[in-house]
Every structure is written in C-alpha cells, then in structure tokens.
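Thanks for letting me take a few minutes today. I would like to walk you through one structure, from its surface to its inside, so please keep the picture in view while I talk.

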Amino acid sequence: MSTARMSNRSVIAEAVAPWSDIAQLLRGGEAGTLIPVIIPKSRRRLWWMLPLWIGVFALLSGVMLTLRVDSDGLGDLAYGALATLSYTVGALLLVVGGLWWWRSSIVEIEQGTHGILTRYGAYTRTLEAGRHYLWHPWARVEFVVDTATEIPYSAPVMACPTQENVPLRSIEFFLKFRITDALLFVRTIGAGNFDLVLSSAVQDAIRQRARKMRTERAYDLRGSDVADMQELLNRQLSRYGVRITGSNIPDVQLPTQYQQHLATRERVAKERTAYEQEWGLTRKRRIDSLQMDIERAKKVRDARIVEVKAALNRAREAVAQLLEEQETNAQRVRFEIETRGRSGLIAAENEARAQRALAQAYRDNRAVLQYELALRRLDVGAELATNAPQPVVVRTDGPGGGDTSALSTLLTAQLLPRTAPVLPRVGLDGGAGRDDEE
C-alpha cells in the first residue's frame, strides 16, 4: 500500500439528498466519504391544501347559488347552471387535493435502513423498512440511517512512537462498524462528530499498542490480534449506538533509516539462509558419502563374516574328523587295555589258584614243620648252654682297703670285655654264626 493511500483516512459524514438518491449514497458514499446518515429533502408541500380549500369554496358557492331564490325563470336557470358547475369543480378539486395529499404522504424506507419520524421537530417513532403513510401535514422523516451495512473505516495513525520512542511513519488500522440504534446515533453524536470521535479513539488505541512494542518487532503488528482494542472501542462507542464488528492492522510503515537497517538485516538473514542451505547441501553430500562408505564397509564386513563362517565350518569339520580319529584310537587303546587286563586277570586268577593250592599243601605239612622247629629249638638251646660265658667277679672293697676311686672302676669296665672269650653265634637252623664286631 502506498504512502499517499495510507495518509488518506476514511471520512464519515451525513448528506442531504432527495429520496431517489438515498440508496446510492448509503451504499456507495460520495467522493470517498462514508455516508451512513442522510437527511432526505422533503417532498411534502402544503400546495395540496390549495385545491382542497378551493374545492370547499366551490362547493359552498354551489350551495349558496342553490339556496338563492329568484322569481325570474331565466335567472333561476343561470344560477342552477352555476351551482352545478361549482359542485363539479369543487368535487374535482377535492379529489385532486385528496390524491395529492395521499401521494405526498407516502414514504418508502430502504431495506436495511431506519427512518427517524418527527412531528413539529420532536421525535415520534422509528420507521422500519417498507412503505409508510404520513397523514399528518407536519410529520416528516428527519433522518434515514443505515443500520444493516457493516461500514468499513480506515484510520492511519501517523508518527506513532514505539517503546524506544522511535516514531513509526504510519500504522494503518482498519475496522468495520454497524449502527445498532439509529435514534441514539443521530440524536447523541451525529455522523460528522462520530468521525472525529472514532478517529480519536482509534489513534489512542493504536498509540497505546505501539508503545508496548519494540521497534524491531513493529512489523509484528501487521495481522496481529486486536481483540482487546476492538473490545475497548466497543466500550467507548456503545453509548452512541455503534458496534465494532471487525478490526485489524493491515500495514505498518517504518522510518526510512530504520527500513534501511531492516533491509540490511534481511539481506544478512537471506545470506545466512543461503549459507545454511549451502552448508545443508554440503552436509548432506558428506553424510551421503559417509553412508556409502559405511555401506561398503558393511559389505566388506559381511563378506569377511561369510569367510570366517566358512573357515569356522571347515575348522568344525576338521575338529569333528579329528575327534572321530581320536575316538577311534581311544576305542583301539581301550580294546587293547581291556585285552591286556583280561589276560592279566586270567593270569592273576591262575596264580591265585596256584597259591591257593600251595597254601593247601602248606596246611597239610604244618604238623611236620612244627616238629622240625621244636627240634631246632632244642639244638639251639643245647648249643647256647655249652658256649655260655663265665661271670668274672671283681672285688673293690677288700680287707686291706683297696683303691675305690672312679678311675679304677672305669679302667676295669673297659678291660673286662677284652679279656672275656668270644662266644660263637648260633642260628635257628643250628649253624654257627659270625662273631659280632664292634
């Protein structure tokens, strides 16, 4: 939207127009002016009373001529003709006056509008849409008010400061309103005054909203939620019989210097976006390359896994074959061991049987062995008795008082064994044994 267009705000006014132009003015306005109220030009004149009064006068004249008494027959004829003419003219004038009165009393109110009916300048009632008859000569429709159309209104606010006290070039505020009470509107404020009040209220609401916004976020006002502003305007305008039905902020114009700053920011943002897109493409290519490498590595890994599995299967087969061979060898060794064991067992059983037979033979010769043993014992006893040693008595306490020292006792103990004869050693079998050597 251009700056010239934004600098032009809507104007609300009322107009005076004939009844034939009311519909066009209410729907389209006049030269960029919104016209919700029209003062119709009255078509009612009192000229319709002239034929009525003349007709009444003519009728009265006819009555007077009828009542006039004259002896002359010719004069009576003339007065009768005049009376008839007076009656005829009077009746025609009354009919014309009545028709004129009937026609001038018809009022047609457009659909979607209301008419304010007054009598002697005082409010009488509100006329709905349709045809009405105003029989009273001084009754007239003072105003025709559009109460059905939602009237658009544009109110740009110039040099509106923000939170940082930066004046915005303009903020355009658009709203739609509808007149809900025709009489309250025209009697309380009127169209011209309402334009000033509405413009002031809109500017106040816009400035309050702009004061809460930072300059860098001023564009956020475009299309923002203005329900709170609409509610505030409705509270202010309800006393005038007007209701706001819709509102929004279509455009915001920033100062030229700030626009250049924002343009620079937008350019930087676009460059950043382009760089991010380029980096995204590069990143995507790298990711695709890495994924391809990963896929190739997976394929190599799968191939190696297959090879390892094949080698593992071959190893398992070799181990199974080796186990079979070892089991075969074990079976052979077991069989050999079992064979040797059986042979040893048989030999041991044979030896046990021989030992058992030998033991039986020893048991049979036990008495003989005991007899021979007893004889050998007797022979050994006799041999021992023959070769028994003789005891030597050494007296150390004689009457002469011999030497009784310890040294003499020791020497005697050492010399006695050397002087004693050596006895032969006899075994159990009766043979002589060897002498024991010290």
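In which helix does Trp102 lie? Before I answer, please keep in mind that what you see is a predicted model. Trp102 lies in helix α4, and with a relative accessible area of 37% it counts as partly exposed, because that term covers values between 20% and 50%. Trp102 also belongs to a nonpolar patch on the surface, which it forms with Val95, Leu99, Tyr133 and Trp135, and which has about 510 Å² of accessible area together. Helix α4, residues 73-104, gives the most to this patch, with three residues.

Now to the inside. In soluble globular proteins, nonpolar side chains tend to be buried together. Here the largest nonpolar core has 42 residues, and among those with the most contacts inside it are Ile171, Phe185, Leu198 and Ile206. Several elements each supply at least two residues of this core, including β2, β9, α7 and β10, while α6 gives the most, with eight residues. If we leave aside its neighbours within four places in sequence, Ile206 is in contact with Val157, Cys160, Ile171, Phe173, Met229 and Ile249. Apart from this core lies another one, of 16 residues, among them Leu25, Ile35, Leu117 and Val141.

Let me finish with helix α7, whose buried residues are Met229, Gln230, Leu233, Asn234 and Leu237. These residues are on the same side of α7, because they cover an arc of only 140 degrees around the axis, and what covers them includes β9, α6 and β10.

Note on methods:
Residues numbered from 1 in each chain as written. Predicted model: local features only at pLDDT ≥ 70, side-chain atom pairs only at ≥ 80, totals over all residues. Heavy atoms only, no water. Core = buried A, V, L, I, M, F, W, Y, C linked by side-chain atoms within 4.5 Å. Buried < 20%, exposed > 50% of the residue type's maximum accessible area, 1.4 Å probe, protein only. Helix = DSSP H or I, 4+ residues; strand = E, 2+ residues; numbered from the N terminus. Contact = heavy atoms within 4.5 Å. Patch = residues over 30% accessible without salt bridge, like charges linked within 9 Å, V, L, I, M, F, W, Y side chains within 5 Å. Areas by Shrake-Rupley, 256 points an atom, 1.4 Å probe, with all protein chains shown as cover. Salt bridge = Lys/Arg side-chain N within 4 Å of Asp/Glu carboxyl O. Arc of directions from axis to C-beta.
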